[in-house]
Amino acid sequence: KNALFMKEEMPGIHVPDSIVSMFHKDMTREEAQEVSKKICVDIANLTKEYGDGYYLMTPFNRVELVTSIIKAIRNEI
């Protein structure tokens, strides 16, 4: 829902259909979080040469999701 909301309702934000299609309405929260984490790690790998860090925002202050994303990025980079 959040990817679709960002794609359709947030001016200046581009979310490709390929990203939106990775999610489906029957996913569990855990499945959706794993997909989200993979997307974040992939983006971090693609952009690591261009910046000094990342700014992560998750819906509803999901600190545990941010923590798992940071750990995954650190393991990849």
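Let's start with asparagine 61, which is exposed, with a relative accessible area of 67%. In this talk, buried means under 20% relative accessible area, exposed means over 50%, and partly exposed is in between, using a 1.4 Å probe and protein chains only. Asparagine 61 sits in the loop between helix 3 and helix 4. Its phi is near 50°, a positive value in a residue other than glycine.

A quick word on what you're looking at. This is a predicted model, where local features need pLDDT of at least 70 and side-chain atom pairs count only at pLDDT 80 or more, while totals for chains, interfaces and linings use all residues. Residues are numbered from 1 along each chain as its sequence is written, and side-chain values use heavy atoms, with hydrogens and water left out. The helices I mention are DSSP runs (H or I, at least four residues; a strand would be E, at least two), numbered from the N terminus.

Now, the salt bridges. How many does the structure hold? There are three salt bridges, each being a side-chain nitrogen of Lys or Arg within 4 Å of a carboxyl oxygen of Asp or Glu.

One of them joins the side chains of aspartate 17 and lysine 7, at 2.9 Å from N to O. Aspartate 17 lies in helix 2 and lysine 7 in helix 1, so this pair ties together parts that are 10 residues apart in sequence. Aspartate 17 is exposed at 53%, whereas lysine 7 is partly exposed at 30%.

Next, please find helix 3. Here lysine 37 meets glutamate 34 in a salt bridge of 3.3 Å, N to O. These two are three residues apart in helix 3, so about one helical turn separates them. Glutamate 34 is partly exposed, with 46% relative accessible area.

Aspartate 42 and lysine 38 form a salt bridge too, at 2.7 Å from N to O. Both lie in helix 3, four residues apart, about one turn of the helix. Aspartate 42 is partly exposed at 34%, and lysine 38 is partly exposed at 45%.

On to the empty space. Rolling a probe the size of a water molecule over the atoms shows where empty space is left. On a 1 Å grid over the protein atoms alone, a pocket is an open set of points with protein on both sides within 12 Å along at least five of seven lines, whereas a cavity is a set where a 1.4 Å probe fits but cannot get out; lining residues have an atom within 4 Å of a point. Points are joined across faces, edges and corners, and the volume is the space filled by probe spheres set on them.

The largest pocket holds about 1400 Å³ of space. Its lining has 37 residues, and Asn2, Ala3, Met6, Phe23 and Ser36 lie nearest its centre. Which helix gives the most to this lining? Helix 3 does, with eight residues. Serine 36 is in helix 3, and is partly exposed at 22%.
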